[in-house]
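Colleague: I have a few questions about this model. Can you take me through it piece by piece?

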Amino acid sequence: MIPKKIIIVGGGTAGWMCASMLAKKWHAHAVQITLVESKKIGTIGVGEGSTPFLRQFFQSLNISEKEWMPACDATYKCGIAFPDWCGANAPKSYFHPFYSEIDSPLVNDFFNSCQQRREGYNSPCLPDDYFITAYLAQQNKAPYTPKNETLGVDYGYHFDAEKLGNFLSKYAQSLGVRHINDKVSAVKHLDNNIETISTEYHGILRGDLFIDCSGFNGLLIQKTLGETLTSYEKYLPNNRAVAIATQHDDTSQYGTYTLSKALESGWMWSIPLQSRIGNGYVYSSQYLSNEDAEQQLRKALDEYTAPALHLSWTPGRINQHWKGNCLAVGLSQGFLEPLEAPMLNLVQQTCEAYIEYSERFENNAETRSQFNHMINRFIDGTRDYLQAHYAVNSRNDSQYWIDNRNNTHQSTTLKSLINGWKSTESFDAVLARHCNELVYAKTSWYCLFSGMGHYHPHQKGELDLSNQKWQNAKNHCQNLADKFVNQSALFSPSLEYV
Ligand SMILES: Cc1cc2nc3c(=O)[nH]c(=O)nc-3n(C[C@H](O)[C@H](O)[C@H](O)COP(=O)(O)OP(=O)(O)OC[C@H]3O[C@@H](n4cnc5c(N)ncnc54)[C@H](O)[C@@H]3O)c2cc1C
């Protein structure tokens, strides 16, 4: 049943994405939407990378790249580079590309090469060689399909989180969303139903659905309705980050990929925006102090004066994302960590699923239980993919990496995938056995295991550089990449922007 009066608490990326989607979808249903946020409390101020799902988000709102990208300082993202996640006898770096239709002629050669390698043959099987977005990323080219080409390349974006919130705020308000800048000071509820929220200066607000987008505060779902976070600390090591922005050395060369480089006790991101580079170090407080993390990041960036933002969290999730008349969206649902940038996708999936369930079903215990099961499956499947990065690392230079590799707390699905890859069984068959639990697609699992060199020692001999299929793949991708333009040229005022 579609609610008539919706109150959203929180105006971060989650709050405004949610408001935009609901306002667009239910415009014709005369649904009243009010978003309350406290500018004094502010937003988290990080979260700058997306997956290709954000493209669908903007398409569903009929907002073109020409409108939103310049307003949000946004750049294109072809995928993620992972240098230094492995020790000796494994690749120095690998690329996790966004797979698209354009890759389909070669993707089976990649899968077959991996299979041969698992059987002990020396076929080259680094994902970087087989996917078009990896070539575009190496050359700072935009994945935007060139004129007169019908082949589509899928991609994500980098953006300034605050500007994205502001952009969506204007969009949502243009569709009638009411915006209140005030602090929610009290919440009244009866059992699992929220009745009213009180604000400091705008009185009492009533609604029939309350959406908790209050971030780590979890004001409605956690503090009021008592949902507690199930900690995933035993699976995922990181609970801290420090972020420092830097300037571009060369503005004619904006990168088109996220850099996720492993450091001594965690990993560092670098995200190129149009006006700056967002950087951060994600680490575990068990192995590194905040001060040492900041120093290590400054050294890696050679940046000693720019301000640093320190953040902390407990990795985990709540169990009931829809409880009574309250829906949790964003960080109030929980947070894993920034690796692979999956969290805005969770925001999108939660809102889309809520819209679908509300249109089709009554708000009752069974509906909510099915919904919550689906969202939990999504988060847990994401967690498995993230944990796999740590589980198959082969670094021996710090206790952090050794302990993560030796961590025996893994879901049965993840254990089965990790062992299955090293077995002689077809990996497709292993994936098929777990198809109900997986969130990341086959290509992503192959790229991760092969890119991290997760092979038996006897499978790791010298590569066969005369391999014809590999040579063909490289030529094919390079020829295609030649047709794409440099991202900076695309943003230049002299060229028509996408
Ligand atoms: C280090 C780090 C890196 C990340 N990187 C990525 C990434 O690359 N990609 C990605 O997809 N995600 C990333 N994330 C996650 C991403 O930042 C969040 O998912 C996203 O920003 C959504 O946050 P939010 O809107 O839920 O919370 P917030 O941005 O914290 O917003 C909370 C809102 O609630 C309001 N509020 C709170 N209490 C009250 C109150 N009492 N009254 C009124 N208003 C209130 C605040 O004012 C604010 O408007 C990252 C997270 C971290 C910690």
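Modeller: One definition before we begin. A crossover is right-handed if, with the strands pointing away from the viewer, the path from the first strand over the helix to the second runs clockwise. Helices (H or I, at least four residues) and strands (E, at least two) are DSSP runs, numbered from the N terminus. This is a predicted model: local features need pLDDT of at least 70, side-chain atom pairs count only at pLDDT 80 or more, and totals for chains, interfaces and linings use all residues. Residues are numbered from 1 along each chain as its sequence is written, and side-chain values use heavy atoms, with hydrogens and water left out.

Colleague: Which hand does the β-α-β unit of β1, α1 and β2 have?
Modeller: Strand β1 covers residues 5-9, and strand β2 covers residues 32-37. Helix α1 spans residues 13-25. Together β1, α1 and β2 make a β-α-β unit that is right-handed.

Colleague: Is strand β1 largely enclosed or open to solvent?
Modeller: Buried means under 20% relative accessible area, exposed over 50%, and partly exposed in between (1.4 Å probe, protein chains only). Four of the five residues of β1 are buried, so the strand is largely enclosed.

Colleague: How many bridges join β1 to β11?
Modeller: Two strands pair if DSSP finds at least two bridges between them. Strand β1 runs parallel to β2, with five bridges. Strand β11 (residues 209-212) also runs parallel to β1, and the bridges there number four.

Colleague: Which residues are the bridge partners of Ile 8?
Modeller: Ile 8 is found in strand β1. At 0% relative accessibility, Ile 8 counts as buried. Its contacts (heavy atoms within 4.5 Å), beyond four places in sequence, include Gly 15, Cys 18 and Ala 19. Its bridge partner in β2 is Leu 35, and in β11 the partner is Ile 211.

Colleague: What distance separates the C-alpha atoms of Ile 8 and Phe 210?
Modeller: Along the chain, Ile 8 and Phe 210 are 202 residues apart. Their C-alpha atoms are separated by 5.8 Å.

Colleague: What is the relative accessible area of Thr 13?
Modeller: Thr 13 is found in helix α1. Leaving out residues up to four places away, Thr 13 touches Ala 161, Leu 164 and Leu 344. Thr 13 is buried, with a relative accessible area of 15%.

Colleague: Which residue in β5 stands opposite Phe 82?
Modeller: Strand β4 (residues 79-83) runs antiparallel to β5, and five bridges join them. Opposite Phe 82 stands Tyr 94.

Colleague: Is His 310 buried, partly exposed or exposed?
Modeller: His 310 lies in strand β17. Beyond four places in sequence, it is in contact with Ala 241, Val 242, Tyr 283, Asn 290 and Glu 294. With a relative accessible area of 34%, His 310 is partly exposed.

Colleague: Which residue in β9 is the bridge partner of His 189?
Modeller: An open sheet of three strands has the order β8-β9-β10, with antiparallel pairing. Six bridges join β8 to β9 (residues 193-199). The partner of His 189 is Ile 194.

Colleague: What separates the centres of domain 1 and domain 2?
Modeller: Domain bounds come from an automatic or database domain assignment. Domain 1 is 5-48 + 160-232 + 315-334, and domain 2 is 74-149 + 240-312 + 364-488. The contact takes 16 residues from domain 1 and 18 residues from domain 2. Taken over C-alpha atoms, the centres are separated by 32 Å.
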